[in-house]
Amino acid sequence: MSSRILGWLLPVLCIIGATVALIIQFGRVIGAQLNFAKADEDVKKAIALNSKSKDITQYQRRIGPMDGPTEETRFVSDLNSIAKIHNVTLLKLSSRAQAFGAGVLDSRGYRYTLEDDKTLTGVKKIYAELSVGGSYANIRAFLRDFENSQRMYTISNVKWSRTDSATELGVVLARYVLMNVPLAEESAEQTKEG
């Protein structure tokens with residue numbers, strides 16, 4: 001008699017145990033689906049915000065502050081801060097400036113002039129030839145900060161190299177600043193008075 005009860009009880013307990021396990025797993029699947037749906041919605045919102053921010057900043061690049069004795073110091077300080085944030089080492093930095101309209105030599109030695117672009121009158125382009133070292137991912141993040149900046153920068157002459165310990169990047173990073181120049185009308189009035 002006891003073996004007969006055990007014969008009925010054991011399958012019933014197995015069915016109850018399997019049902020409980022099935023209900024628990026079904027609850028986990030439903031929870032995972034809800035989490036996935038929420039994550040998918042968050043990703044769509046992030047993509048929409050990212051595209052809006054690119055649309056806004058794409059056309060709102062601005063020229064840097066007025067040229068003066070502290071402009072270079074501020075730039076180098078900002079450069080060091082960005083390098084520190086991304087764990088990148090600044091290996092070399094040299095600067096040279098070119099006012100628009102004077103003509104410059106490019107990297108191949110060809111002379112070209114910027115004087116035809118009257119919209120940039122009173123703007124100085126400052127080239128910073130720099131070399132940085134670090135991991136490839138960190139250097140890319142370092143460059144991305146300049147790409148996403150609202151300040152107008154141009155990047156040229158990019159040269160990547162790899163050593164045993166790190167990746168090095170040589171680049172010419174140009175920034176634009178306003179020149180402290182009197183307006184043409186004011187200088188004409190000063191000439192008449194003098």
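I am working from a predicted model.

**Entry 1: helices H2 and H3**

I began with a pair of helices. Two packed helices are described by the angle between their axes and the distance between the axes. I looked up both values for H2, residues 71–85, and H3, residues 136–147. The two axes come within 9 Å. They cross at roughly 135 degrees. That angle makes H2 oblique to H3. I also noted the hand of the crossing, which is right-handed.

Which residues make the contact? On the H2 side I found Leu 79, Ile 82 and Ala 83. On the H3 side I found Phe 142, Asp 145 and Phe 146. I then sorted the contact by class: 5 residues are nonpolar, 1 is charged and none is polar.

Next I turned to charged pairs. Side chains of opposite charge can pair when their charged atoms come close. How many salt bridges does a search of the whole structure find? It finds 6.

I looked up Lys 44 and Asp 40. They form a salt bridge, with their closest N and O atoms 3.5 Å apart. Both sit in helix H1, residues 2–58, 4 residues apart. That spacing means about one helical turn separates them. Is Lys 44 buried or exposed? Lys 44 counts as exposed, at 54% relative accessibility. Asp 40 is partly exposed, with a relative accessible area of 33%.

I then checked Glu 41 and Lys 45. This salt bridge has its closest N and O atoms 3.4 Å apart. Glu 41 and Lys 45 are also 4 residues apart in H1, so about one helical turn lies between them. Glu 41 is partly exposed, with a relative accessible area of 44%. Lys 45 counts as partly exposed too, at 49% relative accessibility.

I went back to H2 and looked up Glu 71. Glu 71 forms a salt bridge with Arg 151, and the closest N and O atoms are 3.3 Å apart. Where do the two residues lie? Glu 71 lies in helix H2, while Arg 151 is in the loop between H3 and strand S6, residues 153–162. The pair therefore ties together parts that are 80 residues apart in sequence.

I checked the exposure of both partners. Glu 71 is buried, with a relative accessible area of 2%. Arg 151 is buried as well, with a relative accessible area of 10%.

**Entry 2: Lys 124 in strand S5**

I looked up one lysine in a strand. Lys 124 is found in S5, residues 123–134. Is Lys 124 buried or exposed? Its relative accessible area is 19%, and under 20% counts as buried, so Lys 124 is buried. I also set Lys 124 against Leu 178. The two are 54 residues apart in sequence, yet their C-alpha atoms are 6.2 Å apart in space.

**Entry 3: Thr 167 in strand S7**

Thr 167 lies in strand S7, residues 167–178. Thr 167 is buried, with a relative accessible area of 7%. What does Thr 167 touch, leaving out residues up to four places away in sequence? I listed Val 132, Gly 133, Gly 134, Ser 135, Tyr 136, Ile 139, Trp 160, Ser 161 and Arg 162.

Note on methods. Residues numbered from 1 in each chain as written. Predicted model: local features only at pLDDT ≥ 70, side-chain atom pairs only at ≥ 80, totals over all residues. Heavy atoms only, no water. Axes fitted to C-alpha atoms, helices over the stretch in contact; angles between N-to-C directions. Parallel < 35°, antiparallel > 145°, perpendicular 65-115°, else oblique. Left-handed = near helix turned anticlockwise from the far one by under 90°. Contact = heavy atoms within 4.5 Å. Nonpolar A, V, L, I, M, F, W, Y, C, P; charged D, E, K, R; others polar. Buried < 20%, exposed > 50% of the residue type's maximum accessible area, 1.4 Å probe, protein only. Salt bridge = Lys/Arg side-chain N within 4 Å of Asp/Glu carboxyl O.
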